[in-house]
Amino acid sequence: MSDKIGPNSVSKPLSEVVESLLSLVFPAVCVLCSLEVAGKSEGYVCQRCSRDVRRVRPPFCGRCGLPPSGEVTTSFTCANCRESEPCFESARAAVIAEGRVLEVIHRFKYRGEVWFEPFLVQLLLEEACPVLQGSSWSGLVPVPLHPVREREREFNQATRLGTPLARALGISIRTDLVRRNEMAHVQAHLSREARADNVRQAFSTASQERIQGNWIVFDDVLTTGATAGAVAAVLQRMGAERVVVWSLARATMAGSSLGSMT
Ligand SMILES: [Zn+2]
Ligand SMILES: [Zn+2]
């Protein structure tokens with residue numbers, strides 16, 4: 001039996017062999033449109049569906065990157081940023097968190113459907129690299145999950161998506177600098193100030209290290225920016241000069257997840 005199996009198939013993990021056999025019988029189609037062919041390397045989303053995802057384009061709030069809810073044609077500062085100055089220099093995102101791409105992010109994040117990762121990473125790199133490559137960065141810090149949440153979910157989506165971004169920029173990803181503290185109280189019943197306090201206290205330094213230079217805080221979805229801002233504040237206390245925030249997707253005012261402050 002062994003003399004019929006070539007050296008390539010022996011060295012491949014069994015799952016890969018099964019997968020390539022399956023793909024002969026069932027060619028992988030795009031999960032979103034079920035029309036075009038899309039395989040593992042594309043994250044099972046076809047090129048056409050990928051192009052249809054709405055990218056974040058100006059105008060948006062010059063500070064936090066929030067797209068306007070109404071008609072705005074010039075640059076502006078949103079009410080949030082006017083009311084309380086964020087702890088980061090700027091926040092930007094690759095795509096608008098809506099429709100099918102938001103559904104894919106939720107399936108990736110909450111159901112562990114990690115095969116979508118190449119699709120999400122491609123969207124992120126296409127938008128983030130041209131902007132970030134212009135400056136020099138000391139490192140990238142993914143927004144930490146609470147350890148209990150991370151164990152339940154088995155991975156931190158911000159680390160998963162931030163790792164290829166850090167690699168593309170040639171910088172290190174640092175998960176050892178900032179810690180997420182005990183679960184904050186349920187936010188829903190709190191006043192705006194109490195919520196802000198809650199989020200600020202959710203993170204602390206995890207290291208005695210003094211840092212310097214410019215840093216990127218990364219999260220998968222940005223809503224108000226309060227969470228990423230709290231991580232940015234920790235990095236500033238540790239010595240960071242500039243902190244910018246990047247995320248894969250940006251919730252808009254029209255989006256439904258703004259209330260969750262994540
Ligand atoms: Zn498609
Ligand atoms: Zn803003």
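The model is predicted, so local features need pLDDT of at least 70 and side-chain atom pairs count only at pLDDT 80 or more, while totals for chains, interfaces and linings use all residues. Residues are numbered from 1 along each chain as its sequence is written, and chains are lettered from A and ligands numbered from 1 in the order in which they are written.

Student: How many helices and strands does the protein chain have?

Tutor: Helices (H or I, at least four residues) and strands (E, at least two) are DSSP runs, numbered from the N terminus. On that basis the protein chain has 10 helices and 6 strands.

Student: Is C33 buried, partly exposed or exposed?

Tutor: C33 sits in the loop between α2 (14–25) and α3 (47–52). A residue is buried if 20 or more other C-beta atoms, placed from the backbone, lie within 10 Å of its own, exposed if 12 or fewer, and partly exposed in between. C33 has 14 such atoms within 10 Å and is therefore partly exposed.

Student: Leaving aside neighbours within four places in sequence, with which residues is C33 in contact?

Tutor: Two residues are in contact if their C-beta atoms, placed from the backbone, lie within 7 Å. Once neighbours within four places in sequence are left aside, the contacts of C33 are C46 and C49.

Student: What distance separates the end C-alpha atoms of helix α10?

Tutor: The expected span of a helix is 1.5 Å times one less than its number of residues. The 12 residues of α10 (residues 226–237) should therefore span 16 Å, which agrees with the end-to-end C-alpha distance of 17 Å.

Student: How many of the 12 residues of α10 are buried?

Tutor: The buried residues of α10 include A226, G229, V231 and L235. The helix is mostly covered, the number of buried residues being 10.

Student: Are α6 and α8 parallel or oblique to each other?

Tutor: Helix α6 (residues 117–132) and helix α8 (residues 157–169) pack with their axes 9 Å apart and at an angle of about 40 degrees. Axes are lines fitted to C-alpha atoms, for helices over the stretch in contact, and angles run from 0 to 180 degrees between N-to-C directions. Angles under 35 degrees count as roughly parallel, over 145 as roughly antiparallel, 65 to 115 as roughly perpendicular and the rest as oblique. The arrangement of α6 and α8 is therefore oblique.
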